[in-house]
Amino acid sequence: MKFNIAATALITVTSCVTVTSFSTYTSTKAFRCITRTTVSPLHGILDEINSDSFNLLGDGKNDKDAQTEIDRAYETFLAQLVFSANDPRLDIVDNIELCSDPAWLAWLDKKIKTTTDVEEKMALRDLNEMILDIVKRMELSKAAEEREAKEKAEAEAARLAEAEANAEEGRKLTDAEVLRRARSVDRGGLGDATEMKKESVSFYDQELTPEIRMSYDDLVKKVLPPYKPGDSPASIVFAYYDQFDAQFIKVLKERAENGETESQEVLNALSNEQSKRLAAATENIKNVLAAGDPMRMEGVIVKLAKEGKVDEPFLLLLEANANQAATAGAEGPAKLMKRLGERAMEEKDKQTQTKEVRLLRRLLRTDDSSKREEFLIDAFTPRQGLLVQGTAANAAKALDGELPDEEKPMPDVPPPDFINACKAVLLNFGNLSANDDRGDLASRIKQIASEAEVVATRIYGKGMSLREQQDRMWKEQTTSIFDLETLEIEAEKRGEVAPWANPDSDDILPGFDASGKMRIGGS
């Protein structure tokens, strides 16, 4: 009897599914939707076990609901990445934990394979490659830091071992030997010892690290065989010419020196392609100089830029000719070639998609800080547009004889967009260094960003932190009676009456009487 009473129980089944934590919104909403408690009828445990309704794996309904919620969260996050006004790489870095989530990457890969829209498939594939590239770069950066830390620890351990060995050797010396060694040391402390100078190693003499080799693995697979039907080393080099930087050429040379014939064939094709482009650039410069007048020369450069012929060999040849003329003492030709080079770079910058990147490239070429400040002030200062925006609302107002709405004065380059452009360039090319005294690219961009912050603060004032913004919102959540009085006086000057200042009007708000009660029907 006691056993039967004990066997009779109220069975509460709680369906709980484990969901990969993708975001706060996802986990909260998903778990809220999938966690439910259902009460089964009152019967014995043995009857429950023998029945078909007892399923340790669940009925699958809650699993489906949870997956639906996760898919919605993934779609929302994908929309944030695709339609963001920032550089996609910045958003990926800011959300690297979510972007590198294996579940999210698997979902994105599935979406790429299942979508039927060609443009969407290409855009998602580019986004996926960008995410994988950034994740790989961060992993390589972490591996490089660990390797450097390990090498420093090993060097320090070797130094300590050497010092300990020298100390142990010194303990075994006799007094006479100690005095003999002391005499060999100059009384000034330095003697004839020469100052050790650390020689700077050129880029071409620097050793390739394992991380550098790994960073080019994907590009190596693209340019080396096996090729698709119809492709050759020449066609591959032509297609990926812009990705052949100096570091990648060093990687290919190392592989060729190790006996890899495919890498040597690609290097030969690259040399031929460079010769062709250099010959074309030489002919274009001859056409520019044949114009005679400097203004006409600049006109030819503008024409070449529109045709896409102002490329890297063209700019390098102009710079080389300017340096050669300056070395020979020909100041006139040197100034002319420098002027043409600056105009060519300006026209090349006009082909850039965004104004902020165009401004950054111009600032990087300017060594004078006062000139950079002038460029920043000109770019950050708000200007009133001369043309009114051609919207439907403005067109309707024009038909009615009303003045169209004027746009708010805006700068050519908003400071936040410029800072985001600096971050994007640092992310992509921050490890590049120069052989001159200007320093590496990262330090130069950081210097420009600090100058931009000073100029933006001078124009717009000091920005507020999140805490300051919250305090302001809390303080200004209500309107002061003095502000209402000011608005009332301004309305009287315009010949109008503020709604709260009209004693004869009992229709302060539509649908409410003077006492604030809602009107119903015709009352």
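A charge is taken to sit over a ring if CZ of Arg is within 6 Å of the ring centre and within 35 degrees of the ring normal. In this predicted model, Arg-362 meets that description, lying over the face of Phe-375 at 3.8 Å from the ring centre. Arg-277 is likewise placed over the face of Tyr-241, at 3.8 Å from the ring centre.

Contacts between aromatic rings form the next topic. A pair of aromatic rings is described by the distance of the centres and the angle of the planes. The structure holds 7 aromatic pairs. One of them joins Tyr-74 and Trp-104 in an edge-to-face arrangement, with 5.8 Å centre to centre and 70° between the planes. Tyr-74 belongs to helix α4 (residues 61-82) and Trp-104 to helix α7 (residues 102-114), so this pair ties together parts that are 30 residues apart in sequence. Tyr-74 has a relative accessibility of 3% and therefore counts as buried; Trp-104, at 0%, also counts as buried.

Trp-104 takes part in a further pair, with Trp-107. Here the rings are stacked, at 5.5 Å centre to centre and 25° between the planes. The two residues are 3 positions apart in helix α7, which means that about one helical turn separates Trp-104 from Trp-107. Trp-107 is buried as well, its relative accessible area being 12%, because the cut-off for a buried residue is under 20%.

Note on methods:
Residues are numbered from 1 along each chain as its sequence is written. This is a predicted model: local features need pLDDT of at least 70, side-chain atom pairs count only at pLDDT 80 or more; totals for chains, interfaces and linings use all residues. Side-chain values use heavy atoms; hydrogens and water are left out. Rings of Phe, Tyr and Trp (its six-membered ring) pair if their centres lie within 6.5 Å; planes under 30 degrees apart count as stacked, over 60 as edge-to-face and the rest as tilted. Helices (H or I, at least four residues) and strands (E, at least two) are DSSP runs, numbered from the N terminus. Buried means under 20% relative accessible area, exposed over 50%, partly exposed in between (1.4 Å probe, protein chains only).
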